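Trainee: I have a model open and would like to go through it with you. Can we take it piece by piece?

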Amino acid sequence: MEALRQDDPRRFGPYTTLARVRESAVAVHFLARGADRDGLALVTAARPALASVPAFRRRFWSEARTAERLAGGPVPRPDVSPEGDGLWTATAYVPAVTLSEAIGLAGPLPERAVRVLGAGLAGTLSRVHASGAVFQGLAPGTVLVAEDGPRLTAFGPLGAAAHAEARERGQLSVRLGYLTPEQVEGQEAGPASDLFVLGLLLAYAATGTTPLADGPAEEAAERIAHGSAELGSVPVGLRALIAGCLSKDPADRPTAGSVAAELAPEGAADRAQGGWLPAVLAAAVTDQAARARALEPPAGPVDDGPRVPPVEERTPTDAVPTGAALPDGGAPGHVVPPGGGHDGDPGEDSRTTRFLGTGARTPRSDRATAQLTLPEEVTNTAPPRLPAAGPPPAQPYAHPAFTAAPPALPAAAPPAAAPRTGPVTGRRALLTAVAAGAAGLVLGGAAVAALGSDGSASATTDEKPTAEPRPALPGRPPEPRWTYARPAKAPAPLTAGVWQDRLLVLTDTAGATAVDLRTGRKVWERADAAGAQSVLTAGEDLCFLAAPTEFLWLSPEDGRIRHRVRFADQFDGVPDMKVAPLTGQSGSVLWFTGSHTVTVRAPKPKKGKKRGKDTQVVKAYFFAYDVVRRKEVWRVAVPAGRAPGTPAYRLIAARKADLVVRQDAGTLTPADVRAGQGKAVFRCFDRTTGKPLWNRRFGTVAPGGAAAGDQEGRLFGAVGDDLGAFETGSGKPLWTLNGTASSVFGTPVAAGALLHTTNRDQEVGAVERATGKVLWRRSTEVPAGDGCPALTLSGSGRTLLAADASQVTAFAAADGRRLWKFQDIGAPAPDGAAVTAPYRVLATGKTSVVVQRERAFYAFPVE
């Protein structure tokens, strides 16, 4: 951090600059205070010579849109400069030093610190790769070392450039600090390129020198392409991993998720607890924070300083002043180029990238040049619509995971990549994916398979089951056996279900579709089964669908409707019956509630009196129905629900003699709510006759609180911040599992002697059902949100899968070992439709599961 220079701007929008923090080849970072003088911000301002280049401006605004999509929750929203006010962004200031500064101060980092650093960076890379993008922003000067973990200051090649300058005809020449073997050979950078650079960075952090990349530029390029890395000084525990990252063949490098898992099997956040920085670095960060707090803006009027004129004021648009070269270098040690140590001018280097004002260019076959082209869809220089804001407040982490600070120049997906047909992720889902930077065990869906727009599987080409994949690295999900996607023109699925472990059946407003669970191929599609909202099994021969007004039985071979039962025809005495979502199924019997409205005539008036008005009364019933015999088993009258009157029951437990249900809170009448006094009412019915047996409350389980039961007569429910177990016969409490002030338990899953738990702290665990003794508890390492991960147990009972809006995390059910994580982020197009649906997991047989993200389906092998 140093004092402002004479020609430094004194203001950026509402921010008053206080000091210089650091600089790079493309930008200068300033410490600033907002107009309300509350909180500090880090302003990243593009160098004026670059800001005047149309190609640079187009990329800036494109990447600013990406930054806006990443904002929210634990990632502060970036404030972006308005058009005509130069190019800058502002984010919350966090005291930190760059990795190059850290090595200069403390020398090589101890192995534990390198593991925390690598796990944090690899976790962030896995999120970026899951979005279909390549980071290309790793360099010693873009990696920040903060007290609570590593951060990144750039999301793209501009931020990682060792040198950049504006040239004639609107060209932008960028020389990268680190190259990879494929870039030296003139090929496109891919996700594996980020892993090569990560290997260089980890070796640099562990030894203070960079293998392959040190020395004269041409020699370094030759070593990168063909030489062997000398890793003798690297700690033994890290040597094999770094060597794998530095493999010449991109296919031989590990994924970012597997690197994070190997560096921190217990989770990077856990490894970082208790301090991870050497004492000298911790003191430097603390001192920087104290100096930043002591800075005050100058008194009196503040000069706005130099301003980049708006685009329309320049003639011609693509003109660049002759000789508008950038100042060389940045802060000492900011970037370590292949051609020269840590200080001073990077020196001459022919490995350049050109951003042409006329559009994207195809990479040339030039081993000394890496070609990084502009996204083709970016055709204007208009800024994104981002709200003006004061200084973003520094936000504490909501969950123990490293985050990447919102970058000024986030990565954009390479234009040469094949277009994704999957939908674009919603802001929250993409945000939490990046915010969980060091969650560690992730492989993004974008790297798995491309989804076909015709709805066909893209990972298999025949009808035989695919061969078992080779064992996955720790944290890396297994290769999917197949992938399937509904076409973009088709309606989004209403529901999906598994029939006899043979078919995946999807329904939407246009029909029903069956997919072969062995191959991922579409088997049939039927328009006359449109609108069904539940998929069940009806014996060995038929697939059962429940629609709002009828039940359907379909042939699994061709989808033809074999039987159709309209409610008006099947259920005597209940005309115009309205049915709530199904309560549940066990064997061939399903349970559901229905209601209809009857007119009650006013009584005959006494002589001389006027006859009263007739009234409308809702009558509700609870039904048991055999889907194999297509016959009603029993019905029993139950209290009507909130208007329009159908109560919705959820099955809590189906036991041999009885079943326990709870009415959904949204269908309770105001009188029910008042009578319940904030507690849920559970109902028990005889399973054979439907006779009501009891109504009971359990502790303070709320009407909308999580609840589940087991075959031994226990009920488990969320009681405030805790999870309680009760005896259903008497309501007696059995045990309590204490949570935190913010945990709020979700619906548990009983399996054998265990009860698997989930909560809003994004923790998954297992306790003994009989005693509540905790056996294990693990975090999914997704930032805490409003909901709990939904749990699914594999058919074998060995794998527990937790699904939320951000990802699917697989654990070993017995001991809680994290096995892998999976994300399908979708294509990050600025104006695409947002995906808001959470992930869903369907168990299919004993050795596989299907993961759904709205239109996309992946079949994974599991234990």
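Trainee: In what sense do strand 35 and strand 36 pair, and over how many bridges?
Mentor: This is a predicted model. In it, strand 35 (residues 722-727) pairs with strand 36 (residues 733-737) in the antiparallel sense, over four bridges.

Trainee: Which residue stands opposite Trp735?
Mentor: Ala725 stands opposite Trp735 of strand 36.

Trainee: And what is between the two strands of that hairpin?
Mentor: There are five residues between strand 35 and strand 36, and in this hairpin Gly731 takes a positive phi near 80 degrees.

Trainee: Stepping back, how many helices and strands does the protein have?
Mentor: The secondary structure comes to 14 helices and 48 strands. The protein has 863 residues, and buried ones make up 57% of them.

Trainee: What share of the contacts is between residues 24 or more positions apart?
Mentor: Counting contacts with a separation of 6 or more, such residues account for 60%.

Trainee: What is the average pLDDT?
Mentor: The average is 75, and 70% of the residues score at least 70. Over residues 303-474 the pLDDT is below 50, although the model gives this stretch 510 contacts beyond near neighbours in sequence. Residues 827-832 also stay under 50, with 13 contacts beyond four places in sequence.

Trainee: How many bridges join strand 3 to strand 4?
Mentor: Seven bridges join strand 3 (residues 27-33) and strand 4 (residues 40-46), which run antiparallel. In this pair, Leu31 stands opposite Leu42 of strand 4.

Trainee: Now helix 4. How far apart are its end C-alpha atoms?
Mentor: They are 28 Å apart. Helix 4 covers residues 111-130, and at 1.5 Å a residue its 20 residues should span 28 Å, so the two values agree.

Trainee: Is helix 4 mostly covered or mostly open?
Mentor: Mostly covered, with 18 of the 20 residues buried. Just after helix 4 comes Gly132, which takes a positive phi of about 85 degrees.

Trainee: Where is Thr507, and is it buried or exposed?
Mentor: Thr507 lies in strand 17 (residues 503-508). Its relative accessibility is 1%, so Thr507 counts as buried.

Trainee: What is Thr507 in contact with?
Mentor: Beyond its neighbours within four places in sequence, Thr507 is in contact with Pro493, Leu494, Thr495, Ala512, Ala532, Val535 and Leu545. As for Pro491, 16 residues away along the chain, its C-alpha atom is separated from that of Thr507 by 9.3 Å.

Trainee: Last one: why does Ser848 count as buried?
Mentor: Ser848 has a relative accessibility of 11%, so it counts as buried, the cut-off being under 20%. Ser848 is found in strand 47 (residues 848-853).

Trainee: Which side chain does the side chain of Ser848 join in a polar contact?
Mentor: That of Thr844, at 2.6 Å. Leaving aside neighbours within four places in sequence, Ser848 also has contacts with Arg481, Ala843, Phe860, Pro861 and Val862.

Technical notes:
Residues numbered from 1 in each chain as written. Heavy atoms only, no water. Expected span 1.5 Å × (residues − 1). Buried < 20%, exposed > 50% of the residue type's maximum accessible area, 1.4 Å probe, protein only. Pairing = 2+ DSSP bridges. Polar contact = N/O pair within 3.5 Å; in protein donor to acceptor, adjacent residues only side chain to side chain. Contact = heavy atoms within 4.5 Å. pLDDT = per-residue confidence, 0-100.
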